[in-house]
Amino acid sequence: MSSLQFRRAVAALASRCRWPRPGLGTAFLAARILVAFAVPPLAFAHEAHPAAPPAAQNAEERAFLEENEAAMTKMMNDMTVKPTGDVDRDFVAMMNPHHQGAIDMAVIELRYGKNEQLRRIAQEIIVDQMQEIAAMKLAIGEPATDTTPAPTQSAPVPVAAGHHPGMQMDTSNGMKK
């Protein structure tokens, strides 16, 4: 097939197609396509974490930023799991470090934060995330073994020998309630 025949074949096929004619509509369509490809990088730009914490104003803020960055790095590293073939277990394996990261960040807020409302929210985050971690483990048949107190709680007081919390002696008939 010569180049002349090729051009005629292409022209014949093109005449059967309804190509958009150059004009305002075509320009508008092209602009929409350009915007569609440009927006996602702008929309997801906030997800990038800086390589190093930003410069701090004072030593306390610097310590806060360093601890927070370490917590974020640990969380992201721990969320990278090798798939097991069990979607539920993989979900829990990824969510546990995510929730633990929230706990770690809340503890850092309690350590350095001054706003009482945010400190209360941080305490709630710790309790809620610990409960969710336990619930997810139980849902896949793993024991929720972490019985350490939340960082905002005091350590449990040892129970005296022979004493059971919630049980009192009823001296009127000598029976325990």
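Helices here are DSSP runs of H or I with at least four residues, numbered from the N terminus. In this predicted model, one such run is helix H4, residues 87–112, and Asp90 lies in it.

The protein as a whole has five helices and two strands, in the order α-α-α-α-α-β-β along the sequence. Of its 177 residues, 15% are buried. The exposed surface comes to about 14100 Å², with carbon and sulfur atoms supplying 62% of it. Among contacts between residues at least 6 apart in sequence, 42% join residues at least 24 apart.

The largest nonpolar core consists of seven residues: Ile103, Ala106, Val107, Leu110, Ala122, Ile126 and Ile133. H4 and helix H5 (116–139) each supply at least two residues of this core, and H4 gives the most, with four. In soluble globular proteins, nonpolar side chains tend to be buried together.

H5 can be checked for length. Its 24 residues, at 1.5 Å a residue, should span 34 Å, and the end C-alpha atoms are 34 Å apart, so the two values agree. The buried residues of H5 are Ala122, Ile126, Gln129, Ile133 and Met136, and H4 is included in what covers them.

Charged pairs come next. Side chains of opposite charge can pair when their charged atoms come close. The whole structure contains six salt bridges. One of them joins Lys114 and Glu60, at 3.2 Å from N to O. This pair links distant parts of the chain, since Lys114 is in the loop between H4 and H5 while Glu60 is in helix H3 (residues 59–79), 54 residues away. Lys114 is exposed, because its relative accessible area of 60% is over the 50% cut-off; Glu60, at 40%, is partly exposed.

A salt bridge also forms between Arg111 and Glu67, whose closest N and O atoms are 2.3 Å apart. Arg111 has 48% relative accessibility and counts as partly exposed, as does Glu67 at 26%.

In the salt bridge of Arg89 with Asp86, the closest N and O atoms are 3.8 Å apart. Salt bridges with shared partners join Asp86, Arg89 and Glu142 into one network. Arg89 is partly exposed at 33%, and Asp86 is partly exposed at 30%.

Asp90, by contrast, is buried and has no salt bridge; Arg89, the nearest side chain of opposite charge, is 8.0 Å away. Beyond its neighbours within four places in sequence, Asp90 is in contact with Val81, Lys82, Pro83, Thr84 and Gly85.

Terms used: Residues are numbered from 1 along each chain as its sequence is written. This is a predicted model: local features need pLDDT of at least 70, side-chain atom pairs count only at pLDDT 80 or more; totals for chains, interfaces and linings use all residues. Side-chain values use heavy atoms; hydrogens and water are left out. Buried means under 20% relative accessible area, exposed over 50%, partly exposed in between (1.4 Å probe, protein chains only). Lys and Arg count as positive and Asp and Glu as negative; His and the chain ends are not counted. A salt bridge is a side-chain nitrogen of Lys or Arg within 4 Å of a carboxyl oxygen of Asp or Glu. Contact means heavy atoms within 4.5 Å. A nonpolar core is a set of buried Ala, Val, Leu, Ile, Met, Phe, Trp, Tyr and Cys residues joined through side-chain atoms within 4.5 Å. Accessible areas come from the Shrake-Rupley method with a 1.4 Å probe; for residues, only the protein chains shown count as cover. The expected span of a helix is 1.5 Å times one less than its number of residues.
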